Amino acid sequence: MTAEGERAILLPLTGPVGEPRLPGRPGVPGKFNAVMAWREELLGAFFRFYSVLWGPGALDVRVKDLARMKIARTVGCRICQLTRFAVARDATDEEDYRDIDHVESGPYTDREKAALRYVETFCIGAVHVTDDLVAELRRHFSEEEIIELSVLAAAAGGFASINVALNIGTDSEA
């Protein structure tokens, strides 16, 4: 059951459960915030950066949000899988994520599939991104959009990896 305005999560979650591998900074609520608060200036910079990344940009918000979920699933970040950005509410819904683990057989456009293949490969290891993969992106996206998608993959994948490495799960799960 969900509260009014919330969306039911359809995918099974993967990733960390339990307590973080580092203690949170005393007096700071929330597992992610508390652990990251050991470097408050970095936490603040992260939130400022994310607000720019999720603000108006070259890349449409639907592709950004689908890519974000693919990154979350690839890296195994529970927090990321449960996060829903208000800016994406009209662009994606839970049904859009249902086939995110099976992009090729999912209902995604060729453009969306190209982006999802790219961010998955990027997160597995950027060394695996090939000329052919970038050529496919270029058929569907401008250079500006490819840069934004790459920054999204690096930033979201990097912070998701921090959550997984330090076992930072959601606040509502023990």
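Predicted model: local features only at pLDDT ≥ 70, side-chain atom pairs only at ≥ 80, totals over all residues.

Colleague: Why is Lys-70 called buried?

Modeller: Buried means under 20% relative accessible area, and Lys-70 has a relative accessible area of 3%, so the word applies. Lys-70 lies in helix 3, and, leaving aside its neighbours within four places in sequence, it is in contact with Ile-100, Asp-101, Val-103, Leu-116, Val-119 and Glu-120.

Colleague: What makes Asp-96 buried, and which residues does Asp-96 touch?

Modeller: Its relative accessible area is 17%, which is under the 20% limit, and therefore Asp-96 counts as buried. Asp-96 belongs to helix 5, residues 94–97, and, not counting residues up to four places away in sequence, it touches Arg-62, Leu-66, Ala-91 and Tyr-108.

Colleague: Why is Cys-123 called partly exposed?

Modeller: The value for Cys-123 is a relative accessible area of 21%, and the label covers what lies between the buried limit of 20% and the exposed limit of 50%, so Cys-123 is partly exposed. Cys-123 sits in helix 6, and, once its neighbours within four places in sequence are left aside, its contacts are Ile-71, Thr-74, Val-75, Ala-153 and Gly-157.

Colleague: What is the phi of Asn-167, and where is Asn-167 found?

Modeller: Phi of Asn-167 is near 55°, a positive value in a residue other than glycine. Most residues other than glycine have a negative phi. Asn-167 is found in the segment after helix 8, and it is buried, because its relative accessible area of 12% is under 20%.

Colleague: How do you know that helix 3 and helix 8 meet, and what is the hand of their crossing?

Modeller: Contact means heavy atoms within 4.5 Å, and Lys-64, Ala-67, Arg-68, Ile-71 and Val-75 are the residues of helix 3 that make it, with Leu-149, Ala-156 and Ser-161 among those of helix 8. By class, this contact has 9 nonpolar, 2 polar and 3 charged residues. The two axes come within 9 Å and cross at roughly 35°, and the crossing is right-handed.

Colleague: At what angle do the axes of helix 6 and helix 7 cross, and which residues meet there?

Modeller: The axes of helix 6 (residues 110–124) and helix 7 (residues 131–140) cross at roughly 145° and come within 9 Å, in a left-handed crossing. Residues of helix 6 including Asp-110, Arg-117 and Tyr-118 meet Leu-133, Glu-136, Leu-137 and His-140 of helix 7. The residues of this contact divide into 5 nonpolar, 2 polar and 4 charged.

Colleague: What volume does the largest pocket have, and which residues are closest to its centre?

Modeller: Its volume is about 570 Å³, and, of the 24 residues that line the largest pocket, Phe-32, Ile-79, Cys-80, Thr-83 and Asn-163 are the closest to its centre. Helix 1, helix 2, helix 3, helix 4 and helix 8 each supply at least two residues of the lining, which by class has 13 nonpolar, 8 polar and 3 charged residues.

Definitions and conventions. Residues numbered from 1 in each chain as written. Heavy atoms only, no water. 1 Å grid on protein atoms, 1.4 Å probe; cavity = no way out; pocket = protein on both sides within 12 Å on 5 of 7 lines; lining within 4 Å. Points joined across faces, edges and corners; volume = space filled by probe spheres on them. Helix = DSSP H or I, 4+ residues; strand = E, 2+ residues; numbered from the N terminus. Nonpolar A, V, L, I, M, F, W, Y, C, P; charged D, E, K, R; others polar. Axes fitted to C-alpha atoms, helices over the stretch in contact; angles between N-to-C directions. Left-handed = near helix turned anticlockwise from the far one by under 90°. Buried < 20%, exposed > 50% of the residue type's maximum accessible area, 1.4 Å probe, protein only.
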